[in-house]
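Thanks for coming. I have a few places in one model to go through, so please look at the screen.

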Amino acid sequence: MEYVLFTSGSTGSPKGVGVGLSASRRHIDAFVEWSNLGARDRVFQFARLAFDTSQEEIWPALFAGATLVASVAKLPTFTQLQDRLGATGVTVLELPTAYWRQWSHHLRNKKLSLERLRLMLIGGEAAYERDAYAWRTGALSTVRLVNSYGSTETGIMDSAYEVPATVEDSPRPLPIGKPISPRKFRLDDPVDGVGELLVSSPTLADGYFTPTGLIQNRFLDLPDGRWFRTGDLVESGSDSTYAFRGRVDRRVKILGQRVELEAVEAALLHSGVEEARVEVVDDDRGSPRLSAIVVGEIDSAEIRSRLARTLPPAFVPARIHIVDSLPKNASGKIDVPAVRKMLQATDGAPGR
């Protein structure tokens, strides 16, 4: 085993993922080939060593003979990031989607010249067309933009979607693209084209490392190879391009109806908010209900009114909290435990 990284700490109990040397090397080779990394490149290390993305920043760069540029802060401000990128001539940059989303909107109507930056990678959370629209109409509009998808268990980056030069200003999610060789995708028990994504690849991790040993409950040995059950719901298009549709474990029941929390978040984005996170909390009587935290210049009554026009009553959050920004963790992603703590403090007991 080459290394163990702990993952899912932002959404659940952290678990150690054991990655073997062969799997790691195969991903390095695949990433170098896909990104066309070479000695002239300068790759920025945004992620801290505790996060798997750092492995994708460090080793492909070094194996390709490129220069690795370290960040100046754990989570740099936009000014710090821009100054560092410009001063060091960075050519390849990979950012968490939540951080990139804020940066994209910050760059609109701004003048910024990063002449050497050629590849902007984003990943870790769902990205939306309107965020890409902000990027395409901002200061770095000509830089190649790629929405990526992957997990620590499968080799970090599994698929990629090249965002076109022209994109609509809409809240539709960006596709996650097509699998990058040597990965293979499969949908488990799809309904209307949507099913849980399974990934097979020689880049798969050895398994989960815990005090009781390796746990293989999500690693499947099937007749056609070894597969990992991601827990992500995706849809396969006619052109073999995949689209993220939510998490299996974010399907809940409210008032006897099955509710997909990502669908409510998408509806909130359609209702005029900039960012949204929806969780389940228990009211004073112990009944589960939806509660949302959103960023936007609109009052909660107006948001609820807009949602009520298109969603069933069970899908409309009982409470909507408007904040200036959603809390982020050290990797730049939405800090889910912090969001839940905020909801617990204002709404009551944490949801089931």
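Strand β3, residues 42–45, pairs with strand β4, residues 67–70, in the parallel sense over 4 bridges. Strands here are DSSP runs of E with at least two residues, helices are runs of H or I with at least four, and both are numbered from the N terminus; two strands pair if DSSP finds at least two bridges between them. R42 has T67 as its bridge partner in β4. Between β3 and β4 the chain passes through helix α2, residues 53–63, and this β-α-β crossover is right-handed. That term means that, with the strands pointing away from the viewer, the path from the first strand over the helix to the second runs clockwise.

Some background. This is a predicted model: local features need pLDDT of at least 70, side-chain atom pairs count only at pLDDT 80 or more, and totals for chains, interfaces and linings use all residues. Residues are numbered from 1 along each chain as its sequence is written, and side-chain values use heavy atoms, with hydrogens and water left out.

Next, helix α5, residues 129–136. Of its 8 residues, 7 are buried, so the helix is largely enclosed by the rest of the structure. Buried means under 20% relative accessible area, with a 1.4 Å probe and protein chains only. Among the elements that the buried residues of α5 pack against are α4, β6 and β7.

Last, R183, in the loop between β9 and β10. Is R183 buried or exposed? Its relative accessibility is 6%, so R183 counts as buried. Its side chain reaches the backbone oxygen of M157 at 2.9 Å.

Technical notes
Buried means under 20% relative accessible area, exposed over 50%, partly exposed in between (1.4 Å probe, protein chains only). Contact means heavy atoms within 4.5 Å. A polar contact is a pair of N or O atoms within 3.5 Å; within protein, one must be able to donate a hydrogen and the other to accept it, and residues adjacent in sequence count only if both atoms are side-chain atoms.
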